[in-house]
Amino acid sequence: MPAPTVVLPPLVDPAASLTREEVARYSRHLIIPNVGSVGQRRLKNAKVLFIGAGGLGSPALLYLAAAGVGTIGIVEFDEVDMSNLQRQVIHGRSDVGRSKAVSARESIGELNEHVTVRLHEVRLDNDNAVELFSEYDLILDGTDNFATRYLVNDAAVLAGKPYVWGSIYRFEGQVSVFWEDAPDGLGLNYRDLYPEAPPPGMVPSCAEGGVLGVLPATIGSFMATEAVKLITGIGEPLLGRLMIYDALAMSVRTIRLQRDPAREPITELIDYDAFCGVVSEEASAAVVGSTITAPELKALIDGGREIELIDVREPVEWDIMRLPGAVLVPKDRILSGDALASLPQNRQLVLYCKTGIRSAEALAFLKSAGFADAVHVQGGAIAWANQVDASLPVY
């Protein structure tokens with residue numbers, strides 16, 4: 001039996017009127033029967049908050065502004081980095097080193113001067129999330145870490161707000177709509193999809209695993225489309241459905257979601273870093289007393305200390321840059337036990353990855369396997385490039 005079609009009422013009441021200039025600007029919307037003048041006036045009256053002005057925020061913010069969303073809020077405290085320009089098209093070369101939020105506001109203003117842009121240049125946390133969400137009609141979450149995703153979900157539930165969620169990794173993206181208080185008992189939230197966060201290190205971030213530069217354009221546009229549908233009350237939103245896009249296969253499939261009967265009601269915000277865990281408890285314990293800095297590693301090398309420097313990153317990262325004298329032994333080969341026989345017993349093992357997270361996990365495994373004096377490098381290859389050898393590329 002096919003699932004019933006989800007139809008939601010418009011999220012926003014229409015504004016009183018459109019100006020002559022707005023009629024000209026949005027004329028292609030106005031002649032669509034499902035949108036029309038009333039739908040455009042709903043967009044004009046809408047207040048939308050986007051978490052992040054990065055890969056997903058770039059297309060979504062631009063298209064929401066172009067569509068005529070009257071007020072757009074942006075939560076973003078980061079600065080534009082050179083590595084962002086591969087996919088974050090709301091920023092340009094001259095924006096490197098500048099506030100992402102300010103850069104995004106300028107791009108929006110150039111596209112549509114009638115949009116009011118509110119900047120929230122703060123880190124979203126337990127102290128500000130619920131109050132901030134209550135100021136908007138709709139939330140869009142484009143963050144790339146599980147701790148913030150659960151915070152956004154729980155704060156949206158407590159504020160009674162719907163939100164559009166998007167996620168990207170390498171060649172794949174996902175989109176859904178969550179709204180605990182949706183009418184007619186249709187309410188779902190992110191915890192129905194992911195009751196628990198995946199184990200630390202199981203799902204790398206885009207910074208660790210990479211993302212195809214054009215992928216955010218697709219997923220961010222899907223997110224903006226869902227926002228327009230929710231605001232105007234047209235079509236069938238992705239509430240209760242997870243859309244999965246595979247860029248390599250050029251395929252889109254949709255999975256039906258159901259409310260988790262075991263899920264406890266959300267009554268307060270929690271410690272999301274502890275809930276998700278940046279690294280496992282084993283890794284946290286292993287690094288205590290077994291961590292060295294990049295300058296300390298250089299001193300060991302310069303002093304002629306007999307060590308085995310092991311790079312636990314992936315071969316594609318090894319091709320970008322590497323530390324002198326290192327050998328490549330990817331983390332998965334260590335955790336599976338395949339690499340243990342090849343590791344020397346007569347020299348101290350020094351592990352590093354890109355930032356120190358993966359090397360901490362590998363360190364915990366090696367200590368349990370008997371390599372008691374093994375250590376890892378705090379901050380990994382990035383710390384070495386920043387503190388020891390500035391000639392190395394940073395990715």
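Tutor: Look at how α4 passes α5: the crossing is right-handed. This is a predicted model, by the way. Helix α4 covers residues 57–67 and helix α5 covers residues 100–111, and their axes come within 9 Å, crossing at roughly 30°. Angles under 35 degrees count as roughly parallel, so α4 and α5 are roughly parallel to each other. On the α4 side, the contact is made by Leu-61, Leu-62, Ala-65 and Ala-66, and on the α5 side by Ala-104, Ser-107, Ile-108 and Leu-111. Sort those residues by type and you get 7 nonpolar, 1 polar and no charged.

Now hop over to the sheet. Strands of a sheet pair through backbone hydrogen bonds, either parallel or antiparallel. Here, 5 strands make an open sheet, ordered β9-β13-β12-β10-β11, and the pairing is parallel. At the edges sit β9 (291–292) and β11 (327–328), each pairing on one side only. Zoom in on β10 (residues 307–311) and β12 (residues 348–352): this parallel pair is joined over 5 bridges.

Notes:
Residues are numbered from 1 along each chain as its sequence is written. This is a predicted model: local features need pLDDT of at least 70, side-chain atom pairs count only at pLDDT 80 or more; totals for chains, interfaces and linings use all residues. Side-chain values use heavy atoms; hydrogens and water are left out. Two strands pair if DSSP finds at least two bridges between them. Helices (H or I, at least four residues) and strands (E, at least two) are DSSP runs, numbered from the N terminus. Axes are lines fitted to C-alpha atoms, for helices over the stretch in contact, and angles run from 0 to 180 degrees between N-to-C directions. Angles under 35 degrees count as roughly parallel, over 145 as roughly antiparallel, 65 to 115 as roughly perpendicular and the rest as oblique. A crossing is left-handed if the near helix is turned anticlockwise from the far one by less than a right angle, and right-handed if clockwise. Contact means heavy atoms within 4.5 Å. Ala, Val, Leu, Ile, Met, Phe, Trp, Tyr, Cys and Pro count as nonpolar, Asp, Glu, Lys and Arg as charged, and the others, Gly among them, as polar.
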